[in-house]
Amino acid sequence: MRIIICALLCVGQVANMLYADDEKLFQWQASASLQLSAPLAIKIPSDEYTTLNGVIALPDAVQDKPFIIAVRDPDCPVSRRYSPYLKKLQTSGIDVIYLLSGQLADKAMAMRDSQRHGLEGPYILDADRKLSEWLGVRTSSEVYLFDEKAKLRYRGAIDDRFGIGFSRPKATKK
């Protein structure tokens with residue numbers, strides 16, 4: 001989560017309500033620890049994607065502001081554990097777009113996930129995996145941060161707090 005917040009700070013979006021009680025966050029140097037696993041400045045292709053409620057045109061739907069695409073698997077315990085963090089990002093004014101890919105691209109599954117966790121952003125149902133393949137999705141719970149020009153700035157985990165068979169009280173990787 002700290003990586004995402006610092007990445008947001010790097011692209012000009014302040015999300016200080018998250019971890020506001022953690023003074024170390026604001027002392028942390030994003031440039032020293034932020035690692036990008038995809039080349040910078042790759043712009044998301046303009047296209048229309050099927051959503052739970054119709055169609056979304058990216059990047060037009062989030063024009064001129066940073067946004068996050070969060071890969072979801074409603075049945076994955078790790079994905080479910082990160083739901084409150086994604087909701088906080090969304091309620092702080094950051095556009096979060098949820099991505100269900102392949103066999104998970106099911107309207108009923110998306111509705112259940114949205115209702116269960118109170119996630120109100122659009123759910124892209126990527127049955128043909130077109131967007132997932134462009135992003136290079138490797139696992140659920142990955143996030144992709146785009147700047148105000150729809151260029152990819154971060155790809156990877158929110159943090160290292162939760163994983164298969166473990167959870168930590170706080171993230172250890174910053």
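**Exercise 1: Salt bridges across the chain**

The structure holds six salt bridges, a salt bridge being a side-chain nitrogen of Lys or Arg within 4 Å of a carboxyl oxygen of Asp or Glu. This is a predicted model, in which local features need pLDDT of at least 70, side-chain atom pairs count only at pLDDT 80 or more, and totals for chains, interfaces and linings use all residues. Residues are numbered from 1 along each chain as its sequence is written, and side-chain values use heavy atoms, with hydrogens and water left out.

Task: Find which parts of the chain the pair Asp47 and Lys130 links.

Solution:
1. The side chains of Asp47 and Lys130 form a salt bridge, at 2.4 Å from N to O.
2. Asp47 sits in strand E1 (residues 47-51) and Lys130 in helix H7 (residues 130-135), so these distant parts are linked across 83 residues; helices (H or I, at least four residues) and strands (E, at least two) are DSSP runs, numbered from the N terminus.
3. Asp47 is partly exposed, at 25% relative accessible area, and Lys130 is partly exposed at 47%. Here buried means under 20% relative accessible area, exposed over 50%, and partly exposed in between (1.4 Å probe, protein chains only).

**Exercise 2: Buried or exposed?**

Task: Decide whether Asp113 and Arg72 are buried or exposed, then do likewise for Arg138 and Glu142.

Solution:
1. Asp113 and Arg72 meet through their side chains in a salt bridge of 2.9 Å, N to O. Asp113 belongs to helix H6 (residues 107-117) and Arg72 to the loop between strand E3 (67-71) and helix H4 (77-81), so the pair ties together parts 41 residues apart in sequence.
2. Both Asp113 and Arg72 are buried.
3. Arg138 forms a salt bridge with Glu142, their closest N and O atoms being 2.8 Å apart. Arg138 is exposed, at 55% relative accessibility, whereas Glu142 is buried, at 3%.

**Exercise 3: Ring pairs**

Task: Classify the aromatic pairs Phe67 and Phe146 and Tyr82 and Tyr85.

Solution:
1. Rings of Phe, Tyr and Trp (its six-membered ring) pair if their centres lie within 6.5 Å; planes under 30 degrees apart count as stacked, over 60 as edge-to-face and the rest as tilted. The count by this rule is four aromatic pairs.
2. Phe67 and Phe146 are stacked, with 4.8 Å centre to centre and 10° between the planes. Phe67 lies in strand E3 and Phe146 in strand E6 (residues 142-146), so the pair ties together parts 79 residues apart in sequence.
3. Tyr82 and Tyr85 are tilted, with 5.9 Å centre to centre and 55° between the planes.
4. Ring pairs also link Phe67, Trp134 and Phe146 into a cluster.
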